[in-house]
Amino acid sequence: MGLLCALFAPFFVDTMAHDGPAAQQGGVSFANYGPLERPVTLEGDWRLVWRSSPTPGAETFIPVPREWKGVKAGALTLPELGAASYHLTLRDLPAGRYILYVPRFFGASRVALNGRIVSERGRYGLTAETSSAVDRSQDIVFEADGSDLDLRIDLASFHHRDNGLGEAPVLGLAEPMARWGAMVWLQNFMVLTSLLLMACFGIVVSLTRTQERASLYFALACICLMPLAAMMAHDNLMHLTLPGLSFNGMLSFQILTSTLALTFAFLYVREMYPLDTPRFLYWAFQGLNGVRLLIYAAAALLGNTVLLSTASAMSAPFRTIGFVCLLGIVVVACFRRREGSGTFLFGLGAFVLCLVYNDLIRNAELPAVVGANLMPIGSLALLFSQLLILAERWSGAIKSAEDTNNELRQLLEVNVAIASEIQLDALLRRIVQVTSQILHADRSSLFLHDKKTDELWSIVAEGVDNREIRFPSTSGLAGDTFTRGVPDNVTDVYADARFNQAIDKSTGYRTRTALSVPVVTRDGRKLGVMQAFNRLDGGVFEEADLARMSAFAAQAAVAIENATLFAEVATERNYNDSILRSMSSGVITLDREASVVKLNPAACAILGVEPEAAAEPETQRAWAANNPWLSS
């Protein structure tokens, strides 16, 4: 995350000068400033002339940036909607080629230099019927000869609640302004490109893993944020892309999609951290956001862009509260050490701080502490954090699949060993070794129950140099698990009264966590206990580890049962062989096809046949020919 931020930091260097002269009484002097080798903002007191009724021609001085609503112009208190002209005299401006940037305005605007209109956006009029709104910025290139220059910006606001110069125009020599404009455009394109790439990445992940709904919600949130990012760029990219789109259509599309983006953001966070998202908070917010969406849709259908923009501005605190709630959920998840929560907290924290700062500047009219626009920085920090989280989740899913395949392979090997391995000790050591590997345990042990002494003894105990450990079948964690026949996961053994510390003292081992599983046959007989100690990563055993160990305990039970059965069969066979060897009468064993299977020593002596030759084909044919009655 730090590397990504470092790589993109040069693109967010503030190239604007913040020590330029401030406008006073409708004029600004550059006599003591020198050439404008870095862009400066034309902030300060401009002269405003009101153009609309009820008092055309009313004048006042107004600070820029600021809306005109509520400002006193003589006896007139300026209303929200209307038309006005901003005047600023540029004095002592050195001769040269300049570029003036006039920010976007939700209405009609035009720029005049020395009384000559040099640029216009929308149709400027003194009433709502004679004007049309468009949200576009303006770049005016002009030549200055050193004489005073009268700058006039006419604004007509009849279709949006925003009015006046909410942002100060920017002025500078042509080359520095071109560099500054390119840098701002680059920042905007980086945000848009990041949104598009993140949306594509999330969609691809959700298509390849249909159960991965978090990636889908994040992709939809990115898609819904793209119209807002396009409109808030250096110039209105949405209008440039869709010049035929009406102002109502453009504004409605931007507000509705950004509202949906917040809905998908909550869905995404809830899907990521379901246990840390309060149900009441989630449904309350989604319900209120749904109501907000319906109000916007109704205003859009009515074509009332003033109502739509007013409702959107009034809900700015709700949006901020929503992001703060999201931040709170991620903080809780971070404290609970959820996967990816630390990275998420970094990105979302940066975004929320930049959002709150931007809202305070724009809506509370607080002075800007940092000259650079922080929203692109916060947006990229959030997007980069989600890129890392999605990559980690994708990598984790692949690793989980690989681990599952590895576990299945090792289980298969154990099953094969159970069917082929005769030596029980070697087989049980193999099972215990695989258990430690899969659970990432420092060591594991297998204790069997000795019925004669009612003790548990270690048939396999890793790390104790083949020393046998014995203790009563009711002692310690292993004894409790054996007695109750219930698995147990202890995260701090020394805090558990059942733990037998004498074993640690005798072995010199420090046990921190222990996982105990009873070894039980299919008919319910308890054979012993399997235990795993201390995860190698320092963590605690989880429910998945308990399920894995239970599977290996079942394998151990099968191996012990098979070995016991084999031993019983071998004993019975040896017993029968000893009886046959001691008999003086000849005994011949035949199979179902009347073929000789075995002869005892007495039969071999009577028939004059060597025991090894009894199963040979010639002996079998001779036997059948001389004794046809056996085949009848």
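Biologist: Which residues does glutamine 187 touch, leaving out those up to four places away in sequence?
Modeller: Glutamine 187 touches Phe11, Phe12 and Pro376. Bear in mind that this is a predicted model.

Biologist: Where does glutamine 187 sit?
Modeller: It is in helix α2, which covers residues 174-208.

Biologist: Is glutamine 187 buried or exposed?
Modeller: Buried. The relative accessible area of glutamine 187 is 9%, and the cut-off for buried is under 20%.

Biologist: Moving on to helix α5. What span should its 26 residues have, and what do the end C-alpha atoms give?
Modeller: At 1.5 Å a residue, α5 (residues 247-272) should span 38 Å. The end C-alpha atoms are 37 Å apart, which agrees.

Biologist: How many residues of α5 are buried?
Modeller: 19 of the 26, so the helix is largely enclosed by the rest of the structure.

Biologist: And the largest nonpolar core, which residues touch the most other members?
Modeller: Tyr268, Phe323, Phe344 and Leu348, out of 61 residues in that core. The largest share of the core comes from α5, with 13 residues.

Biologist: What does tyrosine 268 touch, again without residues up to four places away?
Modeller: Its contacts are Ala214, Tyr217, Phe218, Phe344, Gln386 and Ile389.

Biologist: What about a second core, how many residues does that have?
Modeller: The second core is separate and has 40 residues, including Ala144, Leu165, Ala168 and Leu171.

Biologist: Now the six-stranded sheet. What's the strand order?
Modeller: The order is β15-β14-β13-β18-β17-β16, in an open sheet with antiparallel pairing. β15 (470-472) and β16 (488-490) are at the edges with a single partner strand each, so one side of each has no neighbour in the sheet. On average, neighbouring strands are turned by 25° against each other, ignoring direction.

Biologist: How many bridges between β17 and β18?
Modeller: Seven, with β17 spanning residues 514-520 and β18 residues 526-535. One of the bridge pairs joins valine 520 to lysine 526, the latter in β18.

Biologist: Which strands does helix α11 lie across?
Modeller: Helix α11 (residues 424-439) lies across β13, β14, β17 and β18, and runs at about 140° to β13. Helix α12 (residues 476-484) also packs on the sheet, where it touches β13, β14, β15, β16, β17 and β18. The direction of α12 makes about 140° with that of β18.

Terms used. Residues numbered from 1 in each chain as written. Predicted model: local features only at pLDDT ≥ 70, side-chain atom pairs only at ≥ 80, totals over all residues. Heavy atoms only, no water. Pairing = 2+ DSSP bridges. Helix = DSSP H or I, 4+ residues; strand = E, 2+ residues; numbered from the N terminus. Axes fitted to C-alpha atoms, helices over the stretch in contact; angles between N-to-C directions. Contact = heavy atoms within 4.5 Å. Expected span 1.5 Å × (residues − 1). Buried < 20%, exposed > 50% of the residue type's maximum accessible area, 1.4 Å probe, protein only. Core = buried A, V, L, I, M, F, W, Y, C linked by side-chain atoms within 4.5 Å.
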